[in-house]
Amino acid sequence: MTAAPLSGTDYSPLLRTDFTDEVAWQALLDEIDTDWLTVMHDPAHEGLSVPDLLALVLEGSAYPALVVADGETFSSKERTLLLVDVQEQPGRTFRAAVPDAFDSVLGNLAIRNQTFDDCLDSGSLGDDGVYRLSSHHRQALVELQGPRGKQEFMEGTGQSPGPGTQRV
């Protein structure tokens, strides 16, 4: 099966490249904020490498990164999503911890508050290449949300206050 070029969306595509665990896929979707994503679970993407996925990106695409749910996402103890740079230096990657840092990283990339370079140079990448929020970053997010955000964060929702995590 041949994968078609990615749709002309302004939101980063979340590409599922591992189809071995449907329950884990649904749990991942429930755990992340999809407001900044275009979710794509096309079996034609199964097993595609980073260069294969980059080849599907339409010229002039506005989104800053591809987000990949791959075998490592579903097999590791700490679920991480692979982010692939498509703007600055296409093909560079790092992983973002779910739910710890993913929503914050993608939101900041989407609104151009941070660049891929900023993420790589932030000091938030562990030796394992996984982006995790620092305690300083967590505190800043809590302060931005005010007392309600602090209460939700302290209740252990597992999500940092940010886009899509506010409750009305």
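**View 1. Arginine 112 follows helix α4 and has a positive phi, near 65°.** Helices here are DSSP runs of H or I with at least four residues, strands are runs of E with at least two, and both are numbered from the N terminus. This is a predicted model, in which local features need pLDDT of at least 70 and side-chain atom pairs count only at pLDDT 80 or more, while totals for chains, interfaces and linings use all residues. Residues are numbered from 1 along each chain as its sequence is written, and side-chain values use heavy atoms, with hydrogens and water left out.

**View 2. Helix α4 (residues 102-110) is largely enclosed by the rest of the structure, because 8 of its 9 residues are buried.** Buried means under 20% relative accessible area (1.4 Å probe, protein chains only). The buried residues include Phe102, Val105, Leu106 and Leu109. Leaving aside neighbours within four places in sequence, phenylalanine 102 is in contact (heavy atoms within 4.5 Å) with Ile32, Leu37, Val67, Leu81, Leu83, Ala96 and Ala97.

**View 3. Strand β1 (residues 12-16) has 5 of 5 residues buried, so it is largely enclosed by the rest of the structure.** Ser12, Leu14 and Arg16 point one way from β1, and Pro13 and Leu15 point the other way. In a regular strand the side chains alternate between the two faces of the sheet.

**View 4. Strand β1 runs parallel to β2 (residues 37-40) and to β3.** Strands pair if DSSP finds at least two bridges between them; β1 has 4 bridges to β2 and 3 to β3. Proline 13 stands opposite threonine 38 in β2, and leucine 14 has valine 67 of β3 as its bridge partner.

Note on methods:
Buried < 20%, exposed > 50% of the residue type's maximum accessible area, 1.4 Å probe, protein only.
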